[in-house]
Number of protein chains: 2
Amino acid sequence: MARLSDIIENFIKDMIEDTEGEVEIQRNELASYFNCVPSQINYVIATRFNSERGYFVESKRGGGGHITISRMSTDKPYDYFMHIILSMGDEISQHSADIYIENFIDLNIISDSDKKLLKAAVNDNSLKSVPVFLRDRVRADILKNMLMKMII
Amino acid sequence: MARLSDIIENFIKDMIEDTEGEVEIQRNELASYFNCVPSQINYVIATRFNSERGYFVESKRGGGGHITISRMSTDKPYDYFMHIILSMGDEISQHSADIYIENFIDLNIISDSDKKLLKAAVNDNSLKSVPVFLRDRVRADILKNMLMKMII
DNA sequence: TATAATAAAGTCAGAGAAAGTCAAAGGTGA
DNA sequence: TCACCTTTGACTTTCTCTGACTTTATTATA
């Protein structure tokens with residue numbers, strides 16, 4: 001039998017479908033619609049609409065607060081990027097980051113201005129305050145995170 | 001949805017747009033136009049038209065008092081960027097980085113894909129391996145470094 | 001010319017509105 | 001049975017709105 005979380009998940013997915021990839025919800029409103037506690041909405045979002053599943057979530061608290069869920073596009077570059085990202089190790093040197101980036105340029109899947117930003121973000125100057133033994137790990141995190149966001 | 005503060009924000013922004021970068025308002029008059037207490041105007045100004053967002057505010061009390069809001073000039077992106085970069089502290093929270101970035105979008109001086117990359121580079125997910133006490137410093141380094149590279 | 005009245009804008013703390021967190025309790029399937 | 005979901009609710013954080021009180025500038029009056 002379908003759990004409430006599954007029902008809410010499908011409800012949100014239908015909304016996203018109807019609105020071409022992005023939907024804005026009111027947490028409390030949705031919770032009262034489904035007769036559950038508001039935090040269950042957070043649970044559904046955390047488990048079903050996270051970035052591993054190809055969604056991107058933003059929110060705002062306070063009066064007029066809301067939660068916005070958007071789905072990443074699912075055309076070719078998505079699969080390719082995902083493949084590359086998943087194949088990257090947990091640590092990347094500046095040199096090998098540059099190689100990855102140049103490669104994306106060669107393959108025409110990123111623009112020149114993307115390249116500038118990617119390189120700037122992961123060079124040693126950006127990471128000068130990070131202890132050396134951690135640098136390659138942080139560099140990998142940043143690079144992967146940026147690539148992930150490029151495909152949204 | 002859009003709260004009164006958002007509506008007032010847009011109203012003022014439209015005025016600034018119409019008058020090429022500077023507008024003079026009467027606090028009480030505006031408040032009565034929007035049917036709110038005068039201090040709400042201060043709230044909107046404090047949260048939406050501060051210098052982090054590229055605005056400059058002056059005012060005068062007493063008879064004939066008024067508030068003048070001016071937008072920093074973006075005619076010369078180089079100067080504008082330099083100004084913002086130099087005004088940034090050595091440590092920047094994720095929230096405040098987002099505000100800077102949103103402002104660049106508002107003022108049309110970065111593209112949407114730049115925004116995505118900037119945000120991705122400096123969010124806490126990218127910096128999850130950096131010890132918390134260092135995070136805001138690293139974030140500032142990355143953001144400044146990326147912005148610097150954008151104007152070269 | 002002092003002084004009082006009036007006309008602004010500023011400050012700040014508290015109430016209200018919404019989302020976030022987290023750990024404990026409750027189910028479920030292999 | 002036991003590990004792994006789900007569900008719940010108390011507590012926290014963030015954002016917005018309000019109103020009483022303060023400060024400053026101008027104008028009218030003695």
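**Reading the DNA-facing surface and the sheet**

Q: Which helices and strands each supply at least two residues of the surface near DNA strand C?
A: In chain A they are α2 (27-33), α3 (38-48) and β3 (66-71), and in chain B likewise α2 (27-33), α3 (38-48) and β3 (66-71). Helices (H or I, at least four residues) and strands (E, at least two) are DSSP runs numbered from the N terminus. This is a predicted model, in which local features need pLDDT of at least 70, side-chain atom pairs count only at pLDDT 80 or more, and totals for chains, interfaces and linings use all residues. Residues are numbered from 1 along each chain as its sequence is written, while chains are lettered from A and ligands numbered from 1 in the order written.

Q: Which residues come nearest to DNA strand C?
A: A residue is near a strand if its C-beta atom, placed from the backbone, lies within 6 Å of it. Of the 24 residues around DNA strand C, R27(A), G65(A), R27(B), S59(B) and G65(B) come nearest.

Q: Is S39(B) buried or exposed?
A: A residue is buried with 20 or more other C-beta atoms (placed from the backbone) within 10 Å of its own, exposed with 12 or fewer, and partly exposed in between. S39(B), in helix α3 of chain B, is exposed because it has 10 C-beta neighbours inside 10 Å. Its C-alpha atom is 8.4 Å from that of R27(B), 12 residues apart along the chain.

Q: What is the strand order of the open sheet in chain A?
A: Strands of a sheet pair through backbone hydrogen bonds, parallel or antiparallel; pairing needs at least two DSSP bridges. Here 3 strands pair antiparallel in the order β1-β3-β2. The edge strands, β1 (22-25) and β2 (55-60) of chain A, each pair on one side only. Between β2(A) and β3(A) there are 6 bridges; K60(A) has H66(A), in β3(A), as its bridge partner.
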